[in-house]
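Here are my notes for you, written with the model open beside me. Have a look at the sequence and the structure first, then work through the points below.

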Amino acid sequence: MMGIVSAAIGLALQVAPVPAPAPAAPTTPVPRTERVAIETDKGRFVVAVEVERAPVTAANFLKYVDQKRLDGITFYRTVKAGDKFGFVQFGVQNDPKRALPPIPHEPTTKTGVRHVDGAISVARFEPGSARGDFTISIGDQPSLDADPAKPGDNLGYAAFGRVVEGMETIHAILDSPTKPGGHFPNQMIAQPVTVVKATRIQ
């Protein structure tokens, strides 16, 4: 009798359906970026440029890189609001030999690229005036993002990438001594930091 029961159990095990594997969760493709290495006389850093999420602003920056318009320019401004908090600014400073035409504004509400720690953004006056000057945020700064609830010009600044290597170089620039005069008193770097070269990397 026991043998018949064992045989029946064995047969049941042989014919029992094997559960199908659970379907794999759908994966969200990662937006494509281009990496740019920037060598300065205070060190090197690398930026991941959001060519898919912020195509207009990213393409503008890459034109400055590819045409060597950033080679030899400087980090000229540091705004230090606290320890490892603030921003630094670099660019062509409206030099007619280096500046390209202004570009349309891409607000963060459109791109989703926010002003987090290490974000690179294009400087502007009114929307649509941005050209070849850029800022890098040190610390998360949501106040620089677009906010439709704010009065007046609430479009913020156009972030288009983030520092992914060499943030210590940005911290060193943030800590640069400043001078009292100039267009932005106590924010202009006394000995501007030179960008030796900016190049795309794999």
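**Notes on the strands, salt bridges and main pocket**

1. Let's start with strand 1, which runs antiparallel to strand 9 (residues 188–201) and is joined to it by six bridges. Within this pairing, E39 has K197 of strand 9 as its bridge partner. Do keep in mind that this is a predicted model.

2. On to the other partner. Strand 1 (residues 34–40) also pairs with strand 2 (residues 43–49), again in the antiparallel sense, over seven bridges. If you want a pair to click on, A37 sits opposite V46 in strand 2.

3. Now the charges: the structure holds 10 salt bridges. One of them is between E34 and R200, whose closest N and O atoms are 3.7 Å apart. This pair links distant parts of the chain, with E34 in strand 1 and R200 in strand 9, 166 residues apart. R200 counts as partly exposed, because its relative accessibility is 38%.

4. Since R44 lies in strand 2 and E165 in strand 7 (residues 158–165), the pair ties together parts that are 121 residues apart in sequence.

5. R44 itself is partly exposed, with a relative accessible area of 36%.

6. Next, the largest pocket, with a volume of about 540 Å³. Its lining has 22 residues, and Y76, Q89, A123, R124 and F125 lie nearest its centre. Strand 3 (74–82), strand 4 (85–91), strand 5 (119–122) and strand 6 (133–138) each supply at least two residues of this lining. By type, the lining divides into nine nonpolar, nine polar and four charged residues.

7. Finally, two backbone angles to check. K84, in the loop between strand 3 and strand 4, has a phi near 55 degrees, a positive value in a residue other than glycine. K84 is partly exposed, at 49% relative accessibility. N94, in the loop between strand 4 and helix 3 (108–111), likewise has a positive phi, near 60 degrees.

Terms used. Residues numbered from 1 in each chain as written. Predicted model: local features only at pLDDT ≥ 70, side-chain atom pairs only at ≥ 80, totals over all residues. Heavy atoms only, no water. 1 Å grid on protein atoms, 1.4 Å probe; cavity = no way out; pocket = protein on both sides within 12 Å on 5 of 7 lines; lining within 4 Å. Points joined across faces, edges and corners; volume = space filled by probe spheres on them. Helix = DSSP H or I, 4+ residues; strand = E, 2+ residues; numbered from the N terminus. Nonpolar A, V, L, I, M, F, W, Y, C, P; charged D, E, K, R; others polar. Pairing = 2+ DSSP bridges. Buried < 20%, exposed > 50% of the residue type's maximum accessible area, 1.4 Å probe, protein only. Salt bridge = Lys/Arg side-chain N within 4 Å of Asp/Glu carboxyl O.
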